[in-house]
Amino acid sequence: MTVLVDLIVTLGMLGIVPAGLRLMEDPGLDTLRRLWPLFAVPGALCLWLPRGVPATALAAAYALGTVLLALHAPRRLLRTRSAAPTEIAVLTALVSPSVAALALVAERAGHRLFGFGLDILALTVPHFHFAGFAAALVAGLVCRAVDRPAARFAALSVPLGTLLVLLGYFLDDWAELAGALVLTAGMWAVAWLTWHDVAAARHDRPTRALLAVSAAVLVATMLLALSWALGEATGLPHPNLTWMAATHGLGNTLGFALCSVLAWRRLTQTKETPA
């Protein structure tokens, strides 16, 4: 499981996050976009070192970049003065990598942050790169492109579900299940709108294929997330963490996040849809 999770996180740091930042039409991020490799490369390298001082130092370098990204959120809020669903989703995307980086620094240092085991901390890192950053960003893009109540619901419920899952870490498995339910509802709304509205528009075939794959994958991966959360709360049989990493984690990484950012990049490049 460790190797697979590290590969997933590496793709998130080096590929998904910088690609996602380019989808945010925000001139205030220009400098950080250019500097991102200076933070992401050490972050990716630290995953492949044994726990200790060198790995922790490299993780801290990545954390610095995510803190700079998170600090852009209040500046953006002060500038836009908007609490629109799209903006809430984008603000969530800006802040989420810093949560992942905090868990990464603790895990690389071998420190049980807030009493959480190192395995849980290690899994928090991909969760807040993909559920926190990628999913919130895509929900915001869908909301901006599709003027429907379902789109606004998606842009609000994905950030809310992510927050509730985080709170569930500190409360109990039932609270985490509630977060998983809200997050799944939001992600399924993203999937439906992506398929029914965005992919159905008159785009080129590769773009439609990428959008269709991202929508279809979400249906299966979020079912797996629900089954795991339900099993943890009730004691019913459910997939173990290794199986979840190989299915839910890999599916969301390649099928949803990667396909989504590639598709939306194509849309913005052709100016078919504003980003």
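Where is the place of T80? T80 sits in helix 3, a helix here being a DSSP run of H or I with at least four residues, numbered from the N terminus.

## Ground rules

This is a predicted model, so local features need pLDDT of at least 70 and side-chain atom pairs count only at pLDDT 80 or more, while totals for chains, interfaces and linings use all residues. Residues are numbered from 1 along each chain as its sequence is written, and side-chain values use heavy atoms, with hydrogens and water left out.

At 29% relative accessibility, T80 counts as partly exposed. The scale behind that word goes like this: buried is under 20% relative accessible area, exposed is over 50%, and partly exposed is in between, with a 1.4 Å probe and protein chains only. T80 and D173 are 93 residues apart in sequence, and their C-alpha atoms are 37 Å apart in space.

Then comes R81, in the loop between helix 3 and helix 4. R81 is exposed, with a relative accessible area of 70%. Its phi is near 50°, a positive value in a residue other than glycine.

## Aromatic pairs

Rings of Phe, Tyr and Trp (for Trp, the six-membered ring) pair up if their centres lie within 6.5 Å; planes under 30 degrees apart are stacked, over 60 edge-to-face, and the rest tilted. That rule gives 4 aromatic pairs. Take W36 and Y62: they're edge-to-face, 5.7 Å centre to centre with 75° between the planes. This pair links distant parts of the chain, with W36 in helix 2 (residues 30–46) and Y62 in helix 3 (residues 53–80), 26 residues apart. Both W36 and Y62 are buried.

F116 and Y169 also make a pair, with ring centres 6.0 Å apart and planes at 70°, so this one is edge-to-face. It too links distant parts of the chain: F116 is in the loop between helix 4 (85–108) and helix 5 (118–145), Y169 is in helix 6 (residues 149–170), and 53 residues separate them. F116 and Y169 are both buried. Ring pairs join F114, F116, Y169 and F170 into a cluster.

## The largest pocket

Rolling a probe the size of a water molecule over the atoms shows where empty space is left. On a 1 Å grid over the protein atoms alone, a pocket is an open set of points where a 1.4 Å probe fits, with protein on both sides within 12 Å along at least five of seven lines; lining residues have an atom within 4 Å of a point. The largest pocket holds about 800 Å³ of space, where grid points are joined across faces, edges and corners and the volume is the space filled by probe spheres set on the points.

By type, the lining divides into 22 nonpolar, 7 polar and 4 charged; Ala, Val, Leu, Ile, Met, Phe, Trp, Tyr, Cys and Pro count as nonpolar, Asp, Glu, Lys and Arg as charged, and the others, Gly among them, as polar.

## Nonpolar cores

A nonpolar core is a set of buried Ala, Val, Leu, Ile, Met, Phe, Trp, Tyr and Cys residues joined through side-chain atoms within 4.5 Å. The largest one has 81 residues, and M24, F133 and W264 touch the most other members. Helix 5 gives the most to this core, with 15 residues. Apart from it lies another core of 5 residues, including L177, A180, A229 and A233.

T124 is in helix 5 and is buried at 6% relative accessibility. A polar atom of its side chain lies 2.8 Å from the backbone oxygen of I120. T221, in helix 8, is buried at 4%, and its side chain reaches the backbone oxygen of L218 at 3.5 Å.

A155 lies in helix 6 and is buried, with a relative accessible area of 0%. A155 and A19 are 136 residues apart along the chain, with 19 Å between their C-alpha atoms.

Note on methods:
Helices (H or I, at least four residues) and strands (E, at least two) are DSSP runs, numbered from the N terminus. A polar contact is a pair of N or O atoms within 3.5 Å; within protein, one must be able to donate a hydrogen and the other to accept it, and residues adjacent in sequence count only if both atoms are side-chain atoms.
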